[in-house]
Amino acid sequence: MFWPKLPIKKDTRILFIIFLAGILLPFSLSAQHTEVVAEKGEGIYRLLTRCGYPISQYLEPFIELNKARLGPDNTLYAGRKYKLPLRGDESQQDASAASPAKTPPATKTRRYEIFGSNYQDVEIVDDQLKGAVYHLVAGHGGPDPGAVGKYGDWQLCEDEYAYDVTLRLARNLIQHGATVYMITRDSNDGIREDSYLKPDKDEICYPNLRIPLNQTKRLKQRTDAVNNLYRKHKGSFQRMVAIHVDSRSHGENIDVFFYHDKRSNTGRKAARILQKVFQQKYDQHQPGRGYNGTVSDRNLYVVRNTLPVAIYIELGNINHRRDQQRFIISSNRQALANWMFEGFLEDFKTNK
Ligand SMILES: [Zn+2]
């Protein structure tokens with residue numbers, strides 16, 4: 001073995017070895033993370049699910065661990081290697097001990113076929129939203145695709161993208177003990193990971209009604225569905241959440257916007273809580289991006305005529321290049337649902 005020809009004593013050499021080990025050890029420790037290559041079109045959710053990691057526990061550790069390798073809005077690059085969090089070992093325990101807010105491991109699972117085969121089994125993580133009832137209305141559907149954007153050869157239909165995000169939000173809410181009604185429903189479109197969500201026209205209105213083409217009839221139908229359920233749950237904390245994707249002119253700077261009924265102070269408060277969460281999330285994940293989404297009242301049929309406190313959310317512009325990324329990348333759709341979930345949790349804690 002070669003040693004520098006310096007007058008170094010044997011003790012010093014040993015110290016030098018210890019010093020080297022000190023540098024190298026952290027690397028060898030981090031090598032214990034199993035690495036996995038992201039597949040084409042795969043988001044964090046899909047990847048973790050594929051590897052058998054419960055999302056509720058491992059989403060944040062995964063993001064933390066792979067921060068430098070993620071794309072905008074925490075997207076994955078196909079073909080790139082990602083580290084899987086350590087499971088059930090000391091460092092994992094340390095991490096959870098350091099943040100007592102972390103939820104305990106799931107104890108029960110319920111099946112909801114509407115989420116599709118990959119997502120139908122829902123772990124009930126905790127009961128933070130126990131007592132809360134959500135009526136989720138994905139915009140348009142049935143014969144009405146809503147706004148249609150163009151992305152290359154694809155026709156992006158508002159109703160499909162709004163529906164996918166709404167399902168993801170529904171699943172998040174259920175995981176934390178809420179009662180959730182999907183008002184717009186599609187029995188064969190579960191949560192989808194595809195970038196291109198193939199449009200169809202077979203959505204129905206809760207519980208099992210064909211959606212009419214006539215706009216007034218369509219809006220009245222879903223409003224009636226919500227109001228019937230509202231009466232059934234009278235006295236409970238309830239929210240009607242309408243989820244849309246806008247289609248204003250190309251040049252306009254568009255973001256995630258929140259609307260409430262003019263007469264509803266609670267609606268305004270809830271919308272502001274959601275908007276604040278989005279502001280924080282964008283500051284945290286895309287510093288310098290600038291987020292301009294606002295809260296305002298708006299005279300919209302479902303907002304005006306539904307009995308629960310109503311929040312109407314526009315997720316972006318289906319024609320806008322940048323906004324399209326928010327929809328066609330499935331992990332971005334999940335991020336939207338996660339952020340909305342955080343807002344609704346905060347709304348529940350604040351306004352119940
Ligand atoms: Zn719409």
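**Exercise 1.** With the side chain of which residue does the side chain of Glu193 make a polar contact of 2.6 Å?

*Solution.* The model is a predicted one, in which local features need pLDDT of at least 70, side-chain atom pairs count only at pLDDT 80 or more, and totals for chains, interfaces and linings use all residues. Residues are numbered from 1 along each chain as its sequence is written, and side-chain values use heavy atoms, with hydrogens and water left out.

Step 1. A polar contact is a pair of N or O atoms within 3.5 Å; within protein, one must be able to donate a hydrogen and the other to accept it, and residues adjacent in sequence count only if both atoms are side-chain atoms.

Step 2. The partner at 2.6 Å is Ser330. A further polar contact, of 2.2 Å, joins the side chains of Glu193 and Tyr119.

**Exercise 2.** Determine whether Glu193 is buried or exposed.

*Solution.* Buried means under 20% relative accessible area, exposed over 50%, and partly exposed in between (1.4 Å probe, protein chains only). Glu193 has a relative accessible area of 8%, and therefore it is buried.

**Exercise 3.** Identify the protein donors of the zinc ion.

*Solution.* Step 1. Donors are N, O and S atoms within 2.8 Å of the metal (3.2 Å for Na, K and Ca); water is not among the atoms, so sites may look incomplete.

Step 1. His140 (NE2), Glu158 (OE) and His244 (ND1) lie 2.0 to 2.2 Å from the zinc ion.

Step 2. Their spacing in sequence is H-x17-E-x85-H. Both His140 and His244 are buried.
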